[in-house]
Every structure is written in structure tokens, then in C-alpha cells.
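Morning, everyone. Please take a look at the sequence and the model on the screen.

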Amino acid sequence: MKITLIWVAKTNAAYLTEGVSVYVERLKHYCQFSIVEIPDCKASNKTSFDEIKKKEGVAILSKIPANADLYLLDENGKEFTSQQFAKVIETNKDNSRDLCLIIGGPYGFSPDVYARVPNKISFSKMTFSHQMIRIFVVEQLYRAFTIINELPYHHN
């Protein structure tokens, strides 16, 4: 199974980069995992947030892998427990389906991205920075594989 995580902009904080690296290394035991980083479009007085989202959206759509089930990380998405999220991963794995999760930039997604990606996941009713959510996503992916494989990482 291949899992692709697409995100917009570099991770600026070293502690987040290090945390993501820990779980990326762990994920290698369970799937082919890759991160695709889309350069962010810088805001200026001449560029509206909608223009930024549109430019980033074009870049996101160009990097979506073929034949993968797609999910946006979005505040209006469906909330899952860790066990329910693991079931999504397991179903994809059992059906030989790849998975692509997409984290937008600080201004969100363009309408074109929303139109292309029908599935949305929310990790909380709270708002997290687009950089902070990255570590949560890779940790939950790792947790999902430990649940699927009945390993002692997750406790009920």
C-alpha cells in the first residue's frame, strides 16, 4: 500500500520536522509512505487569499497520485476515532487501494481542490496550524497500523 501526504509550505519549526521524521521512519515498516511538499505562495498587497489558494490548488491537483483514495484535512470534515481511522486504512489496504491525504496552506483550499476531493477528515473541532497538523497526521497513520496489526502502541 502506498500512502502519500501532500502539504503546502515547508515546516519551519525543527521540533515539528523531528517529530514528523520519527513517525515517517516508523511508517516504513507498514507501507510505502511519501511526503510531497508544495511551495507556498507568499501573500502580498497585490495577491488576494483566493489567488493564493487557486495557485496552491493547481499545484496540489498536479501532485495527486492516480488511482488513490483522496482525503482533505479540513475543519468541516468527518471526525473519526483512532479505531475508525484505522478501519479506513485497513479497508484501503485490503482492497489494494492507495491513499492520499492533503493538508492545505494557511488560507485553506481552492474551490477546485474541494471539487476534486470529496472526502474530508477533521482531526478536531479545534483549529490547528497547517504545520502542527502534520505531526498529528503521521502519528495517527502510525497508530492506525499498530491497531490493524494488534500491537500494544494504542490503548483502549
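Start with helix α1, residues 14-27. This helix has 14 residues. From its first C-alpha to its last, α1 reaches 20 Å, close to the 20 Å expected at 1.5 Å a residue. Keep in mind that this is a predicted model.

Now, which residues of α1 are buried? They are Leu16, Gly19, Val20, Tyr23, Val24 and Leu27. An α-helix has 3.6 residues a turn, so residues three or four places apart point the same way.

What covers that buried side? The cover of the buried residues includes strand β1 (2-8), strand β2 (32-38) and helix α5 (132-148). The face of α1 pointing away from its buried side carries Ala14, Tyr15 and Glu18, which are exposed.

Let's zoom out. The protein has 5 helices and 5 strands. Along the sequence, they follow the pattern β-α-β-α-β-α-β-α-β-α. The radius of gyration is 15 Å, close to the 15 Å that the globule rule gives for 156 residues, so the protein is as compact as a globular protein of that length. Its C-alpha trace spans about 55 × 35 × 30 Å along the principal axes.

Next, contacts. Take those with a separation of 6 or more: residues 24 or more positions apart account for 84% of them.

Last, burial and surface. Of the 156 residues, 44% count as buried. The accessible surface is about 8900 Å², and 50% of that belongs to carbon and sulfur atoms.

Definitions and conventions:
Residues numbered from 1 in each chain as written. Predicted model: local features only at pLDDT ≥ 70, side-chain atom pairs only at ≥ 80, totals over all residues. Heavy atoms only, no water. Helix = DSSP H or I, 4+ residues; strand = E, 2+ residues; numbered from the N terminus. Expected span 1.5 Å × (residues − 1). Buried < 20%, exposed > 50% of the residue type's maximum accessible area, 1.4 Å probe, protein only. Contact = heavy atoms within 4.5 Å. Rg over C-alpha atoms; globule rule 2.2 N^0.38 Å. Areas by Shrake-Rupley, 256 points an atom, 1.4 Å probe, with all protein chains shown as cover.
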